[in-house]
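Work through the exercises below with the structure open. Try each task before you read its solution.

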Amino acid sequence: MESRTLSLRDGMFKTHVEVGGDGEPLLFLHGSGGLRRGGYLDDLAATFTLYAPEHPGFGASEGIEHIDDIIDLALYYHDLMDELGLESAHIVGHSLGGMLAAELAAICPHRVRRLVLANPVGLWRDDEPVLDFFTLSPQQLLPYIVHDTDAEAVKEAFAPPETAEEQMDAMYQRLQSFSAAGKFLWPIPDKGLKRRIHRIQSPTLILWGESDRLVSPSYAEDFRTLIQDSQVVIMRECAHMPMLEKREEFVSLVSEFLNDGS
Amino acid sequence: MKLHFFHLMPYRFLPDDFAEKHRSVWVDVDSTLFDPVKGHQIYNENLDELEYADELGFDGICVNEHHQNAYGLMPSPNLMAAALARRTRNSAIVVLGNSLALYNPPTRVAEEFAMLDCLSGGRLVAGFPVGTSMDTTFCYGQTPADLRDKYQEAHDLIMQAWTRPEVFAFNGKYTQLRYVNIWPRPIQQPHPPVWVPGGGSVETWEWVARHNYMYCYLSYFGHQRGLHVMKGYWDEVERQGKEPNPYRAGFLQFIAVSETDAQAEKDYAEHAEYFYNRCLHVYPGFADAPGYRTMKTVRAGLRAQFERQAAQAAGGELNWKTFIDQGFILAGSPETVRQQLEEAAKALNVGHMMVLLQFGSMPPELVRKNTELFAREVMPHVRHLFSEYEDEWWIKPLPEQDRIAPQPLAMAPEGTAAGGGS
């Protein structure tokens, strides 16, 4: 993987993107915690030309002050696709990134080849409210987003920072990411996707970990009903972080679905 | 130095096991703990206490805004200020204040403050807080990262609404109005004094100093811990090349006066413990929504926050010795309090001292004692401080002879109702 920094709209945005691999273009959109590096990105890059940007306000990407809402962010991604020279691409979005991917596909259906929504937010049910994860510390949040806190993959991905400096850095990164995420999710992550989602035309895979306690798998059926050409796969012994908890299964489900159309 | 009587209007009847059984006094506080009949009692007692402070010669009486909070029963401080405007004569009515981003449209603040200024004969101090994270982002659902921007836009709209005589259009990001033309307008021209309560954010110091407003730090943790924040503000005032006039600043200090130092502990310890251990029992997840503080402020205070969280985790109940040793409360005989208050005011360089004489579960008799002892035995001895400075941040009321007092009620004799009874 190679790190690239792009400048958009005459320098209003500075965008950090991880790029790698060879094959059909795949845009990966990360969730509220920021872009998690990990083997799953390399695995996807084995089959696709992978683009994994950090959203404005997350990590090294700048320009969140020019974005007011999820529609602004979706339109910004159309600019980014232009800049990357992508007429169209597969899009895989996780959590907040799933909500964003759905908006993007609804606004410009022809630019999205095939779509994967992994544990997406963006809809709301009073009987299954999405967790107010903004009020939880990393330690408090963990049992809601992983199936087994003792699993090796989980312990590796969520190892607590060791030194005080690392802890402060992690605290800062988390505040920065959640501050930006709040622009799209606060106080309730329902910002009108339900009025636009019918426009999605791409074949869509809805992936969900069965133990997700941040956004319940019961939302999978809502997404399926609202997206014309869609199917649901529920992943066993998995919660909100399938690409980290069940890396191999996640990569193979995504790859098989995206390659299905070619 | 000016001395102001500040009231939080706490609910006095939280159970002894409140902190063990409930996660927060604020935001999701258990509604079944509120007894409206006790609410009736509290509001009336507390208004009496504020009115008494006016009678005893306090310069100002202060109310503030909190939501879904068991230690602050004033979602609308303006209602309390309206009640006070009628029965008080001389004190400034200090509303600290209206959290500007929460009013839709924000011209509501310009209107209600103008009403209060007219009603009180020009005695209003207009407080413009951003508001706490609990109040604004959790109770009122504001997006944390937009809050300050929205606040500043609301401020611009309100100031224009007060000062521009013509009808104008306001095309903001958060508020669009075609016809801004508030009616009534404030007595105090060009507008009532603006005080901005802050909590130590870097941008607020810069902004307040640039606008020449008064900055106040409403801390519950006393003058010793307050030094750090006030120093940040004064450094900024100096950086902008402005005079370090103490009247540019206010500070909230808990005070407990009794006959002797020992008697002060007997009188006030349980009520202070009630405040610090029950009223401040706030779920940490509500204290600082991500984005509520700017990343610049976060960066500036990262180490302090990190250490504070570690200290919080260590935790434990707070007691009277901590309150006294760390200066949370200035307590003791009038002589003790006099001396400490003078030192604190000088160290903080604060010309507007807001004193909290009712705290926690303190009942009306004790509030009366504390208020009276403070007004008679302490206040006269510290007023001379900073007399060499001019207070440009103070009210300009109508001359006393031009202020209209409420007429005494014309009680009709029993059975002959004057109001159109049959």
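**Exercise 1: a strand and its partners**

In E11(B), Met353(B) is the bridge partner of Leu3(B). The model is predicted: local features need pLDDT of at least 70, side-chain atom pairs count only at pLDDT 80 or more, and totals for chains, interfaces and linings use all residues. Residues are numbered from 1 along each chain as its sequence is written, chains are lettered from A and ligands numbered from 1 in the order in which they are written, and side-chain values use heavy atoms, without hydrogens and water.

Task: Find which strands pair with E11(B), and in which sense.

Solution. 
1. Helices (H or I, at least four residues) and strands (E, at least two) are DSSP runs, numbered from the N terminus.
2. Two strands pair if DSSP finds at least two bridges between them.
3. Strand E1 (residues 2–6) of chain B is parallel to E11(B), with four bridges.
4. Strand E9 (residues 249–257) of chain B also runs parallel to E11(B), joined by five bridges. In that pairing, Phe254(B) has Leu356(B) as its bridge partner.

**Exercise 2: buried or exposed?**

Task: Decide how strand E11 of chain B sits in the structure.

Solution. 
1. Buried means under 20% relative accessible area, exposed over 50%, partly exposed in between (1.4 Å probe, protein chains only).
2. In a regular strand the side chains alternate between the two faces of the sheet.
3. On one side of E11(B), His352(B), Met354(B) and Leu356(B) are buried; on the other, Met353(B) and Val355(B) are buried.
4. Five of the five residues (352–356) are buried, so the strand is largely enclosed by the rest of the structure.

**Exercise 3: the interface**

Task: Describe how chain B meets chain A.

Solution. 
1. Contact means heavy atoms within 4.5 Å. By this rule, 24 residues of chain B touch 20 residues of chain A.
2. A salt bridge is a side-chain nitrogen of Lys or Arg within 4 Å of a carboxyl oxygen of Asp or Glu. There are two between the chains.
3. Asp146(B) and Lys183(A) form a salt bridge, at 3.6 Å from N to O.
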